[in-house]
Amino acid sequence: MFSFAAFGNDLHSGKRSFAFVGKRRIWYAIAVAMTLLSILSLALIRLNPGIEFRGGSEFQLSQVSDTSTIIGSDAVGEVVSGAEARVTVIGDDGIRVQTETLDPEETGEVRAALAKAYGVNESDVTSNFVGASWGRDVTTKAVQGLLVFVLLVGLIIAAYFRTWKMSVAALIALFHDLIITAGLYALTGFEVTPASVIGFLTILGYSLYDTVVVFDKVRENTERITSSTRRTYEEAANLAVNQTLVRSVNTSVVALLPVASILFIGAFVLGAGTLKDISLALFIGIAAGTYSSIFIATPLLVDMRRREPEIVAHTRKLLKRRAEGGAPAADPAPEYGSADEGEGLSPVGAGAATAVRNAPAAPSRRGPATRRADSGQRAQPKRGKRR
């Protein structure tokens, strides 16, 4: 019977392993295809900015018996010739109508026309006006916040792991998540609202969090990799991904379930609104972030580091020893630490262990009692005659 706990233990110990790093070309191809599709969607279909970004007038109706969107479009067209109205159903009996910027007189006429068309009192129709300058300010601040966030995160990751290569790999995976999320927004036609921007910024932190956890395990497994007699850098990094796989999947599932519930309620029960806008960004971003932290970030790191001279020399030396039969293939990691020469020991302890192994054997002068002790028997001292 399959046991998920045993499966996770096998992954962590190395008894069971998936070639995440070894098959990185497949993952790269999938990521490139999804990224290109997203870029084409952004270029051809384009994003659907909400009224907060493009500016305009907005009307909301409540207690509507007929929620047909055609009624709202025709009502706006009768008052403002050639005006493009975006009509959306909100919940069971709500209607939202968005138009271009209207003057006060046109706003009053459209409000009366909508009330008449949907058969409600004019008091049940609310109108709001959003200036285009406010939308431009929101867009500018969002872009500035994104740039500052990326810069600070790159510096922090590079300082924490003491290598810029981990920072670059993490940021590439991050942009992969952002582009895919934006592309799916364009494909689905969902409006990009301030709530969507909040969702984008939220998935930035989630994606980096998952990637940093995997990278921390990679650093732990490869800290003294050049002195290892068991694994190459690529094998140690792949082991780190396997060891954190169950944790990444569990975290993603726990995060996706409530987000999926919010998305379903926002899209099919309550209609368009803040819940729908932010939950779509979170759902796509969390799923893409899980994929990138497992299949993109670590393989990219391995590709950037495997050409370093010390990594190349160690890999060549280890593979040569394996070919000659002098070193075993990468086997499961022990439960506590590593059995490699010098691994898991302090520099002093490693040197002492090496010195002991290299020291010549001392001549043995063992008596019968000593030989009996070596064979598992307890040596007994000779007893003298009792006087």
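Biologist: Which residues form a nonpolar patch on the surface?
Modeller: This is a predicted model: local features need pLDDT of at least 70, side-chain atom pairs count only at pLDDT 80 or more, and totals for chains, interfaces and linings use all residues. Numbering starts from 1 along each chain as its sequence is written, and side-chain values use heavy atoms, leaving out hydrogens and water. The patch has about 590 Å² of accessible area together (Shrake-Rupley method, 1.4 Å probe, only the protein chains shown as cover for residues). Its members are L37, L40, L44, I45, L184 and L187.

Biologist: Which helix gives the most to the nonpolar patch?
Modeller: Patch residues have over 30% relative accessible area and no salt bridge, with nonpolar side chains (Val, Leu, Ile, Met, Phe, Trp, Tyr) joined within 5 Å and like charges within 9 Å. A salt bridge is a Lys or Arg side-chain nitrogen within 4 Å of an Asp or Glu carboxyl oxygen. Helices α2 (24-45) and α7 (164-188) each supply at least two residues. With four residues, the top giver is α2.

Biologist: Why does L37 count as partly exposed?
Modeller: L37 sits in helix α2. Buried means under 20% relative accessible area, exposed over 50%, and partly exposed in between. L37 is partly exposed because its relative accessibility is 49%.

Biologist: What is the strand order of the open sheet?
Modeller: Helices (H or I, at least four residues) and strands (E, at least two) are DSSP runs, numbered from the N terminus. Two strands pair if DSSP finds at least two bridges between them. β3 (86-90) and β5 (125-130) are the edge strands, each pairing on one side only. The four strands pair antiparallel, in the order β3-β4-β2-β5.

Biologist: Which residue in β4 stands opposite R86?
Modeller: β3 and β4 (residues 94-99) run antiparallel. Five bridges join them. Opposite R86 stands Q98.

Biologist: At what angle to β3 does helix α4 run?
Modeller: Axes are lines fitted to C-alpha atoms, for helices over the stretch in contact, and angles run from 0 to 180 degrees between N-to-C directions. Helix α4 (residues 69-79) lies across β3 and β4. Its angle to β3 is about 145°.

Biologist: How many helices and strands does the chain have?
Modeller: The chain has 387 residues, of which 40% count as buried. Its secondary structure comes to 14 helices and six strands.

Conventions: Buried < 20%, exposed > 50% of the residue type's maximum accessible area, 1.4 Å probe, protein only. Contact = heavy atoms within 4.5 Å.
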